[in-house]
Structure formats: C-alpha cells, structure tokens
Amino acid sequence: MSRSAHPAGPRHADVLPEGHYTAPPADLNALDPRVWARTVVRDDDGVVSVGGLTVRELAEEFGTPAYILDEDDFRSRCRAWREAFGADADVFYAGKAFLSLAVVRWLHEEGLNLDVCSGGELATALAAGMPAERIALHGNNKSNEEIQRAVEAGIGRIVLDSFQEIARVAHIAQRLGKRQPVLIRVTVGVEAHTHEFIATAHEDQKFGLPLAGGQAAEAVRRVLRHESLELTGIHSHIGSQIFDTSGFEVAAHRVVGLLREIRDEHGAELPEIDLGGGLGIAYTPEDDPREPHEIAKSLGEIVTRECESAGLSVPRLSVEPGRAIVGPTAFTLYEVGTVKPLEGLRTYLSVDGGMSDNIRTALYDAEYTVSLVSRASEAEPMLSRVVGKHCESGDIVVRDAFLPADTAPGDLLAVPATGAYCRSMASNYNHALRPPVVAVKDGVARVIVRRETEEDLLRLDVG
Ligand code: LLP
C-alpha cells in the first residue's frame, strides 16, 4: 500500500488532551527491552526483526494482524521460573494466559507443570502429551464431565472451590475406584492492588472458600471425611498483574494459620501450599516487575518464616504464573489502514484488528505501548490513539501513544506484551477472524495456531 499524505495531526507542543501519557519518548525508534520480547531488535535499515526475521517478512508470509511469539524468550522464561523455584517447589504455567499444543510441548520439555481451568484446556494439555500427574484442574463450576475426565486421566490435582464440588469429586473418584489428590482454594481476605476485575482474594467474590467465618475449615473437615479424596494442600490466588509481594505475605500468613488449625484439629500437617499466580509484567516502561529469582526468594522466605513461627514443617510450595511467562514473549503485528487527525485532540490510527484480538484495553483500561516497526522515522512525535476496525467507539488498542507524525496507511505497527490474555480472550465480534500465532526461532517462523477462515466461522451456523 502506498503512503498517502495526510494533514498534520496534533503535536506534543500543542495543548494535549487528558490521558495516561507523559512526555513523548526521546527516541521513537528505540525499542525498550522492558516491554519487548528478548530477540526483538531494530536492524540497521530501520526494520524491526524478531528471532532473526523481519516484521516485513512475517507480515508478507502470514498476513496481519498476527501474534508473533518469540519461542526462545518463552523457553528461557520457563527455565528461569523452574530454576528460581528449584527442586522444592512446583511451577504450574497457567494455561488461561495462552494455550496451544506447541506451548504444552514447550512446557513439558522445560519441566513445567500446567494449570488448566476447563475441559477444553484439559483436552489440549492431554492431546499434547502433558503427563496427567503434572496437570492441575481449576474452576469455580467444574462440570461432572470435566471432573470425570480429569479423574479418569489421573490428573495430579483438582483444586476444590465449593462444598458442592467436594461431594461431586468425592463421588466421581469413588465410582471410578480412585483416590484423587485435591487442594482447597481459600480466599484470604486480601485486597490486591490491581484492577477490581482481576483481584480474587477479597471475600465478596465467586472464587474459593473464605477463611473468615470458618468455611475453609469446614471444607477441610468435609474433604477429610471422604476416603476417595486425598487432601494435599491449600491454594490461594490473590489476583493478577501484581508487583509487590506484600499481598502474598498476608496470604501466606493466613494460609499457614489454616494449616496450623488443621494440625491442631486433625493431627495432620498438609504437605503443600499453592500461592497461585498473578505476578505482573511490564506493559509500559513505567512498570517494574520482579525477576523470578527475586519472587522465588521472597515467597520462599515468607512461607518458611510463617511455618517456623507456627511450629509447622515447611510444606512444598507451588506457584501458577501465566502472564509472567508468556506475556512479554509476543507482540501483535498490525497494518495501519486509516489515519484521522483530529485538530486539538489526537490522531486516530485504525489498524486491521482491534478489540477482537485484544480486549484488555476495553475491559481493564489496560495500557500498552506501540511502535512503528516496518521502518524507522525521524518525524516528530504525534499524539495518537490506535484503534481497531470494530463497530464500537471503545474499540481501542492503545489509548495514548506517541507515533512518528508521518505514520501512514500501509505502515506496520506492533503492540508489545500481548502474549497473555490476548489470543486466549480473542473473540469473533463483527465476525472477525481470530489472528494466527506465529512462533519464531533462529530465523524460522512456524504457525502454532492458524488464522481463522470464513469457512471456520460458517461451519458453526446451522441452516
Ligand atoms: N492461578 C489462578 C487460580 C488464576 O485464576 C490465574 C488467573 C492464574 C493462576 C494466572 O494469573 P497470571 O499469573 O497470569 O496473572 N484475563 C485477565 C486476568 C485474569 C486472570 C484469571 N486468573 C487479564 O487479561 O489480565
């Protein structure tokens, strides 16, 4: 597509409308390593490449929009988590962040376990050959079919979320002649510092059994009554996109308090604590996430300290990072279609995707950055809003961004840190075709989830 001239949009020197931005970055061509996958670089000719392939080549071969995932980065993050937590802990990758057959194989090869929260995720995990004993099943309303499939497969653990579920799992395991390892998910009453929709440890919500008021302790009593259930531990997940460990500290304190009560009441020390996932990543350079070894160190210390002061032996620790592993490893590649400068406001750049491939901006007010990646530009910064092609004014991909003022139709833009909860929450709104996920490594690109086709869409319509 040729680059068409368009009237100048608002510049940073103009009066700027309200927004989440500060000053424009000093160099619009720079790629901040905090938000980009590890092998992403801008080559000497100004074109960005990842895994040894340029975005122009990738767009040419696979089309846009597309999620481009850096396999080396994914694998090295898996290893970093595995090594940081060591032999006394288990890392369960949270499949809801992004799951595919290839991802499951990588996890298996890198020695991670897998947390699934639906029959579909379980089917994917098993189809890709993840050993059942390394899978955990979550969910606040698992169906009997899902429970049965998990128990039959010999799944490593089911995380129980309600009184009804205790009875259901016990019954199904008994019928199948199995003893199913289970954890009980509790809510510890922590207000995590994150978006309300992704905070999960305060009591007024659907997940888990509250510690306060004794429901969690009652769940323990009920589980222990069933021969077909083996209670291995307590689970707590306080929320997502969390940067400090103080919430985990309170959670661990309260979970260990329950372990102590269990010992006192039942004479049993449970062997495991699962502190869930939720560690934040950098969506913009202002975010400052902790490295896995720092997280492992502080969670390990917290649990050890709490157990020692409660006179308990230190249980095995599990964690369930999703976003922190896959989030930073991918970016979404878009082509600019239209450019609309609105005097005194900002310039709207429409790309060929939108809220169907990234709902997070609309849903959580999430912030992203964006860069022009098909070429370098020396043009001055232009206050921009990157929007999609859906019939909805809230269809915003990046609310506030500075892009070069000569950005034009046909240019390629990339939004980094879209590896988690973008493809997995993608929709067919307006009958959009969900984009492919392309894994790149050592100069080779491989489609690991193909682009949807109109045939795929029509296949579901009957009559
Ligand atoms: N474990 C449990 C029990 C969870 O519910 C979750 C996320 C995780 C682990 C992984 O959390 P992570 O480490 O990825 O933050 N769709 C939202 C986030 C909702 C996450 C739900 N549960 C988003 O786009 O931010």
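## The cavity

Tyr67, Leu69, Phe98, Val326, Ala330, Thr418, Gly419, Arg423 and Val437 line the largest cavity. Here a cavity is a set of points, on a 1 Å grid over the protein atoms alone, where a 1.4 Å probe fits but cannot get out, and lining residues have an atom within 4 Å of a point. Six of the lining residues are nonpolar, two are polar and one is charged. In this grouping Ala, Val, Leu, Ile, Met, Phe, Trp, Tyr, Cys and Pro are nonpolar, Asp, Glu, Lys and Arg are charged, and the others, Gly among them, are polar.

The volume of the largest cavity is about 50 Å³. Across the whole structure, the search finds one cavity of 30 Å³ or more. Grid points are joined across faces, edges and corners, and the volume is the space filled by probe spheres set on the points.

## Basis of the model

The model is predicted: local features need pLDDT of at least 70, side-chain atom pairs count only at pLDDT 80 or more, and totals for chains, interfaces and linings use all residues. Residues are numbered from 1 along each chain as its sequence is written, and side-chain values use heavy atoms, with hydrogens and water left out.

## The domains

The protein chain divides into domain 1 (13-70 + 328-459) and domain 2 (138-321), with bounds from an automatic or database domain assignment. Taken over C-alpha atoms, the centres of domain 1 and domain 2 are 36 Å apart. Eleven residues of domain 1 are in contact with eight residues of domain 2, contact being heavy atoms within 4.5 Å.

## The ligand

Around the ligand are 19 residues, of which Ser240, Glu320, Arg323, Arg360 and Tyr421 come nearest; a residue is near if one of its heavy atoms lies within 4 Å. This shell has six nonpolar, seven polar and six charged residues. Domain 1 and domain 2 each supply at least three residues of the shell.

A polar side-chain atom of serine 240 is 2.7 Å from an oxygen atom of the ligand.

How values were computed
A polar contact is a pair of N or O atoms within 3.5 Å; within protein, one must be able to donate a hydrogen and the other to accept it, and residues adjacent in sequence count only if both atoms are side-chain atoms. On a 1 Å grid over the protein atoms alone, a cavity is a set of points where a 1.4 Å probe fits but cannot get out, and a pocket is an open set with protein on both sides within 12 Å along at least five of seven lines; lining residues have an atom within 4 Å of a point.
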